[in-house]
Amino acid sequence: MIRFLFKGLMRDSQRSLLPVIIVAAGVMLTVFLQAWLTGVMQEGIEFNARFNTGHLKIMTAAYARDKDQIPNDLAITRAMELMDSLKRDYPGIGWAQRIRFGGLLDVSDTSGETRAQGPVFGLAIDLLSGNKDEISRMQLESSLKKGHLPRKAGEILISEEFAGKLKVHPGDQVTLIGSSMNGAMAMYNFRIAGTVVFGTSAMDRGTIITDIRDAQLAIDMDDAASEIVGYLAGGFYDDPKASEIRSHFNTAHSNPKDEFSPRMFTLREADEMASLIDYSERFSSILIAVFILAMSVVLWNAGLLGGLRRYGEFGLRLAMGESKGHIYGTQIYESVIIGIIGTIGGTIIGLGFSWLVQKYGFGAAGMMRNAAMMFPSTFHARITPLTFYIGFIPGLLSTVLGTLLSGIGIYKRRTSELFKELES
Amino acid sequence: MENSQIIKITELVKDFPVGTGSFRALDHINLSFGKGEFAGLVGPSGSGKTTLLNIMGSLDTPSQGEVKVLDFNVGELSARESATLRKSKLGFIFQSYNLLPVYTVYENVEFPLLLLEFTAQERKKMVLDALEWVGLTPKMKSKPNMLSGGECQRVAIARAMVKKPMIVLADEPTANLDAENSHHILRTMEKLNRELNTSFLFATHDEKVISYLKRRIVLADGKVEIDEKTAITK
């Protein structure tokens, strides 16, 4: 009997193919939206993590207290020793030293007089050790507009907009005028290797990127770093895991009585990130819930209409002597099959689209042109474990629920009533 | 042959709710049918013939009175017992054939046997026999949409007869057929009535059907007006 009904189901495209397509389309949209929203919400957080907070960040307690002022006199000393210890104790995490500094960038003419000058924010990262992690994290290769990445000591990258203001080009020499770690005046010559566009006006306005060894020389921070940032394996922030590492590190290394002892912070604890993370999670959860609800109503209706359309057939089957319970059971059985096939199909297609958008992203540089905060210019989807099963809520549950409701009519109506619908 | 009683109707009343009141479709009907009858409920639309047929077919229940089909009191049967009665003892033929369009002729005829859980081998023999009775063996792999109206109704007859039911209930079986096809299927049913001793009860107002009936029960406004044995006039 089941084989007979299954044969009918497969042959009747109104009962099989069409509902499967509707379910698959609804599930695909649900899966893609979940991955897309998760990705977009996470993107802002990860972008900040890449440029600024890391998933984990180590500073001295004193530096952390006044970090907005970039107090390099309170920076971490014996940074290499701490780096070795971090690599040994937390091997799955990508650790990197960074120095932040401010000052003036001076451009001189051929006679040595100042031709142009502007305030600059400097970020020193590992550019020349051969390890490409930081270059890739900052997406410097894809952000490069003119010239090339620094290949030797003394070469820097400058933001394209800033270079335009100062009228400098790759190959030109510029001088950083700032203060050393010890409070003395520091002046250091750099040569521009290339210009970059970060995609955010906060950084494009006036940033240079130098190799960390150059910065240590320039502002007298030998074996010191403003901060050490850490990135979790997998590339995405995981708050419970980050919190566990933070607690472990602080217990082992941090001394509350010593303001120069290193202290680890999670991304959530950095700046205003806690509220951004909470906002992102809540906002995407609400949007996803609303969409799932809407899609559930659509698929529930599809199940309902599919059942109502077949009242005539049910009348015939009742006349043949099939019991109401058996008809109801087979109807649910069919909807479960359709729900499962549609959900699996829709999930696969949705995952496919999500993967493409996760890998290549959607460019939004045009919309971000005047943004004052650091935000990504490309949005990517993000596939999470939830992406694999979220489609089952509208795809299977709603379809079966619609069928369950439509099937109640078999019991509510008199057999001869169903029969009349058959004849009409 | 017609002496053993298979349906006994006593003081049958059927009311349908209409708004706040009710409409009486059948009004104190008393009838009985014997085995092997070829009888018809005759009357205009609204006379109650289809309602009476539905109750005899256990598709509906009486409001008052008693209807016994093969000693089963239709008014007291549970839904499951009604289904079992229909499945094993009754066959239905409808005005609009009501074949399942996605199944072949063979599969449509096979369907009642699946409900009765016959083995595949038994089903095959019974289906082929039934198709032979109605002359549709060459069309057994066709889908209903490839058949003429007359052929569809012959499939419906084969489907009703395949399990060799005690009673076949046919509601306006010729309404959608031309004269030639009507006579063809009526001759088929007459032959099956004769050869298998199956009782055929019709609800009809078609003169062609009436001309084949051996017993004519005329209904008007839910009451039996005439109940008579007839001479075949075809």
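**View 1. B:Arg215 and B:Glu37 in a predicted model.** B:Arg215 is buried, with a relative accessible area of 7%. Buried means under 20% relative accessible area, exposed over 50%, and partly exposed in between (1.4 Å probe, protein chains only). B:Glu37 is buried too, at 6%. Their side chains meet in a salt bridge, 2.9 Å from N to O. A salt bridge here is a side-chain nitrogen of Lys or Arg within 4 Å of a carboxyl oxygen of Asp or Glu. The pair links distant parts of the chain, 178 residues apart. B:Arg215 lies in strand β9 (residues 215-220) of chain B, and B:Glu37 in the loop between β2 (21-34) and β3 (38-42). Helices (H or I, at least four residues) and strands (E, at least two) are DSSP runs, numbered from the N terminus.

The model is predicted: local features need pLDDT of at least 70, side-chain atom pairs count only at pLDDT 80 or more, and totals for chains, interfaces and linings use all residues. Residues are numbered from 1 along each chain as its sequence is written, chains are lettered from A and ligands numbered from 1 in the order in which they are written, and side-chain values use heavy atoms, leaving out hydrogens and water.

**View 2. A salt-bridge network in chain B.** Salt bridges that share partners join B:Asp15, B:Arg24, B:Asp27 and B:Lys223 into one network. Over all chains, the whole structure holds 25 salt bridges.

**View 3. A:Arg98 and A:Glu134.** These two residues form a salt bridge, with the closest N and O atoms 2.8 Å apart. The pair links distant parts of the chain: A:Arg98 sits in strand β3 (residues 94-108) of chain A, A:Glu134 in helix α5 (residues 133-137), 36 residues apart. A:Arg98 has 0% relative accessibility, so it counts as buried. A:Glu134 counts as buried at 3%.

**View 4. A:Arg317 and A:Glu322.** A salt bridge joins this pair, the closest N and O atoms being 2.8 Å apart. Both A:Arg317 and A:Glu322 are buried.

**View 5. Helix α1 of chain B.** Because 7 of the 8 residues of α1 (residues 49-56) are buried, the helix is largely enclosed by the rest of the structure. Among the buried residues are B:Lys49, B:Leu52, B:Asn54 and B:Met56. Just after α1(B), B:Ser58 takes a positive phi of about 60 degrees. Chain B as a whole comes to 7 helices and 10 strands. Of its 234 residues, 56% are buried.
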